[in-house]
Amino acid sequence: MASFCSFFLSILSVLSFLFPLITSSTTTAITLPLSFFNTNPNQDPTQKLTHFVSLSLARAKHIKNSQKSSTTPLYPKSYGGYSISLSFGTPPQTLPFIMDTGSSFVWFPCTKKYQCRDCSFKGTASITPFMPKSSSSAKILGCANPKCGWIHSASVENRCQDCRPPFAGKTCNQICPPYLILYGSGSTGGLALVDTLDFPQKKIPGFLVGCSVFSAQQPAGIAGFGRGRASLPAQLGLKKFSYCLVSHRFDDSGKSSALVMDSGDKIGNLSRTPLLKNPQVAGRDALSVYYYVNLRKITVGDQKLKIPYKYLSPDSQGNGGAIVDSGTTFTFLTHDVFELVQNAFLSQVKTYPRAGKLESITGLRPCFNISGHRTIDMPDLKFHFKGGAEMALPLANYFTVVGTDSVCLTLVTDNFGPELPAGPAIILGNFQMQNFYVEYDLKNEKLGFRRQLCK
């Protein structure tokens, strides 16, 4: 770790020569393509499922232990997430970003010095970093700039030794301290910039973005769509954004759907449920980023599961409750809830024998052997939310075919060590929301959804 930090600091010292220092810095729908992000196109299907399981569990562990209108295509990726392309700088440079509703910072691989360690692709040849020297509008964020406080919660006096009164905001040339962000499966670090975010219909100058000079296990930049001040929706002042997630069977095919920001269109026939107020817990700032929803019950077939209330609603310490997270692949259920779901399926599925060996290989359970059956019949899985909103999942969203003769439930729980009580108990992932239109109404604080073929 010490050598990694030394490497980080040496890279940052180089950056000081790349930028000038700074001390400061009509709603139209924007639509962007949303697609899968590919990091290993040669991965076989079973390895891919095991990879999704590992990523989903790592993501859940991170979320549960968290401390501190334009249009674009949205592409599904074998990485398990969905990506968009954004353009920054003058002239604009276009890069891919993982769209993530579970975080609130936007960053890209940056400079020729960028290093990515333990990434799931070979080397960094496939990475196209942002080149600050090629952008006339790119500037390092000053320490006294209020936007620096979006990253570092400490006051100006505490984070900026050279910017204490009476110098703050006047003659202070100290830069905003480097950031280090930990994700469930990796990390990234670098310096904060302000630059122009360039959409076809408009330009947004002074956008706060991270210039990451190193990453570990993070294959691309991340566009945070969470509820924090540095998120893309917050910086754009969005009142609403929505997306439709194409099926993971189109991973890396180039097929995409749309991420729409601030469309004035009113979408009908949506099931809607309130977005809950986030828990405010000292030392756990990340809880304020997530989109909490009031999940009332889960049913398997006609069976209503007896889920303890402590798992459905967050307590004063932020433990429990359900969130929606586009960065998680398979939905995570805390152990007690998962056991209820699994046992319900095991008690109701009598036609197909259990495939225990496959469970050990994939990390998914239960799995069933369906050899000899041309069609399969499984109990319905439904999530019921406050306000009467009901999410009835199509079979392909909660069971996946493995090989030629088996299917596995695509929900996960942590099987290693004692259960961690902290954080959300239920994390609704993107695999369960394939071919769902999902709308985040930030103005009215509601989540809306409906099933539809995403294309």
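I began with Glu390, which forms a salt bridge with Lys382, the closest N and O atoms being 3.7 Å apart; I take a salt bridge as a side-chain nitrogen of Lys or Arg within 4 Å of a carboxyl oxygen of Asp or Glu. Glu390 is partly exposed at a relative accessible area of 36%, and Lys382 is also partly exposed, at 24%. For these classes I use under 20% relative accessible area for buried, over 50% for exposed and partly exposed in between, with a 1.4 Å probe and protein chains only. I also noted that salt bridges with shared partners join Arg227, Lys277 and Glu445 into one network.

I am working with a predicted model, in which local features need pLDDT of at least 70, side-chain atom pairs count only at pLDDT 80 or more, and totals for chains, interfaces and linings use all residues. Residues are numbered from 1 along each chain as its sequence is written, and side-chain values use heavy atoms, with hydrogens and water left out.

How many salt bridges does the structure hold? I find eight, and I looked up two further pairs among them. In one, Asp198 and Lys203 have their closest N and O atoms 2.3 Å apart; Asp198 is buried, at 13% relative accessibility, whereas Lys203 is exposed, with a relative accessible area of 54%. In the other, Arg354 pairs with Glu359 with closest N and O atoms 2.8 Å apart, and here Arg354 is partly exposed at 42%, while Glu359 counts as buried at 12%.

Next I looked up Lys386, which I place in the loop between strand S21 (381-385) and strand S22 (390-392), helices (H or I, at least four residues) and strands (E, at least two) being DSSP runs numbered from the N terminus. Lys386 is partly exposed, at 35% relative accessibility. Which residues does Lys386 contact, leaving aside its neighbours within four places in sequence? I list Arg272, Thr273, Pro274, Asn294 and Arg296, where contact means heavy atoms within 4.5 Å.

Cys110 lies in the loop between strand S5 (106-109) and strand S6 (115-117) and Cys211 in strand S10 (residues 203-216), 101 residues apart, and both cysteines are buried.

The sulfur atoms of Cys148 and Cys176 are likewise 2.1 Å apart, but I find this link right-handed, with 85° about the S-S bond. Cys148 is in helix H3 (residues 148-151) and Cys176 in the loop between helix H4 (156-159) and strand S8 (179-182), 28 residues apart. Cys148 is buried at 0% relative accessibility, and Cys176 is buried at 1%.

My last entry is Cys244 and Cys454, with sulfur atoms 1.9 Å apart; the S-S torsion is about -75°, so this disulfide is left-handed. Because Cys244 lies in strand S12 (residues 240-244) and Cys454 in the segment after strand S28 (446-451), the pair ties together parts 210 residues apart in sequence. Cys244 is buried at 6%, and Cys454 is buried at 2%.

Key
A disulfide is a pair of cysteine sulfur atoms within 2.5 Å.
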